[in-house]
Amino acid sequence: LPPLRMLQLSSTRWLAVSHPLPPQWSDYSKLVLPILPQLPLAWETHQVSVYAVPEPLPRAYIVYQAVPASSQTLALDLLRDARFDPQRAAVIEDAPASARLPNRADLALTPARIVHFAADAVRIEAEAQDDGLLVLTDTFYPGWRAWVDGAEQPIVRANLLFRGIIVGAGRHTVEFRYQPLSFQVGLGIAGVTLALMLLSGIFRRVKRKT
């Protein structure tokens with residue numbers, strides 16, 4: 001992706017650059033550093049310069065146009081397109097076949113409010129002007145599940161890297177919880193073990209009485 005668009009999509013507001021520059025740059029630095037002359041300098045000392053990223057997306061927001069992509073390659077092509085406006089649309093993958101995708105490019109995004117944030121749980125309060133796609137710019141990763149107003153909903157991959165949830169018009173509470181398969185398997189094993197222990201205790205008590 002173009003570096004500036006990458007920063008905007010990831011909700012990056014500031015870039016801090018140390019002085020002197022490190023002798024070995026990361027791949028990320030090699031992409032970002034050439035665009036620094038295009039960014040406003042917000043603050044500077046002899047040790048660090050801080051640049052402002054123009055028009056970064058909010059950490060959580062609703063857009064009213066979801067553009068489907070059948071592959072990551074196609075999603076990347078759509079995001080590179082100069083006509084794509086991330087303030088009004090998001091590219092999604094893995095949308096349920098029965099899902100009714102929002103398609104109101106005339107509406108600008110609506111910021112959402114993160115009311116709880118932890119490593120394994122996020123709760124968001126949002127009010128959609130119309131049917132839309134809520135995007136949280138946290139990494140799309142297996143094991144995350146989501147609930148909208150208490151009802152579980154599938155998570156779609158939004159803008160290549162992030163989590164998206166299709167929501168209807170109106171006010172909503174959206175919860176993300178990290179519950180990987182390993183956790184569910186462990187919980188099941190623990191439940192079976194507890195049941196066996198209880199049955200064993202009951203069997204021994206009955207045996208003593210008889």
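Ser 11 is buried in this predicted model, with a relative accessible area of 14%. Its place is the loop between α1 (residues 3-9) and β1. As a rule, most residues other than glycine have a negative phi, and most peptide bonds are trans.

Asn 159 lies in the loop between β13 and β14 (residues 162-167). Its relative accessibility is 2%, and because buried means under 20%, Asn 159 counts as buried.

His 19 and Pro 20 are joined by a cis peptide bond, whose omega is about -5°. Pro 20 is found in the loop between β1 and α2.

The largest share, four residues, comes from β1.

In soluble globular proteins, nonpolar side chains tend to be buried together. The largest nonpolar core of this model has 20 residues. Those with the most contacts inside the core are Tyr 61, Val 63, Leu 79, Val 91, Ile 92, Leu 133 and Val 135. Several elements give two or more residues to the core: β4 (60-63), α3 (72-80), β6 (90-93), β10 (132-139) and β13 (156-158). The largest share of the core, three residues, is that of β6.

Tyr 61 also takes part in an approach between separate stretches of the chain. Leu 109 and Tyr 61 are 48 residues apart in sequence, yet their C-alpha atoms are 6.6 Å apart in space. Leu 109 is found in the loop between β6 and β7 (residues 110-111). With a relative accessible area of 13%, Leu 109 is buried.

A search of the whole structure finds one aromatic pair. Why is the pair of Trp 144 and Tyr 178 described as tilted? The ring centres of Trp 144 and Tyr 178 are 5.4 Å apart and the planes stand at 45°, so the pair is tilted: planes under 30 degrees apart would count as stacked, and planes over 60 as edge-to-face. The pair links distant parts of the chain, for Trp 144 belongs to strand β11 (residues 144-148) and Tyr 178 to strand β15 (residues 170-178), 34 residues apart. The two partners can also be described by their accessibility. Trp 144 is buried, at a relative accessible area of 15%, whereas Tyr 178 is partly exposed, at 31%.

Trp 144 has a further neighbour in Arg 163. The charged end of Arg 163 sits over the ring of Trp 144, 3.8 Å from its centre. The charged end of Arg 163 also sits over the ring of Phe 176, at 5.6 Å from the centre of that ring.

Definitions and conventions:
Residues are numbered from 1 along each chain as its sequence is written. This is a predicted model: local features need pLDDT of at least 70, side-chain atom pairs count only at pLDDT 80 or more; totals for chains, interfaces and linings use all residues. Side-chain values use heavy atoms; hydrogens and water are left out. Rings of Phe, Tyr and Trp (its six-membered ring) pair if their centres lie within 6.5 Å; planes under 30 degrees apart count as stacked, over 60 as edge-to-face and the rest as tilted. Buried means under 20% relative accessible area, exposed over 50%, partly exposed in between (1.4 Å probe, protein chains only). A charge sits over a ring if NZ of Lys or CZ of Arg is within 6 Å of the ring centre and within 35 degrees of the ring normal. A nonpolar core is a set of buried Ala, Val, Leu, Ile, Met, Phe, Trp, Tyr and Cys residues joined through side-chain atoms within 4.5 Å.
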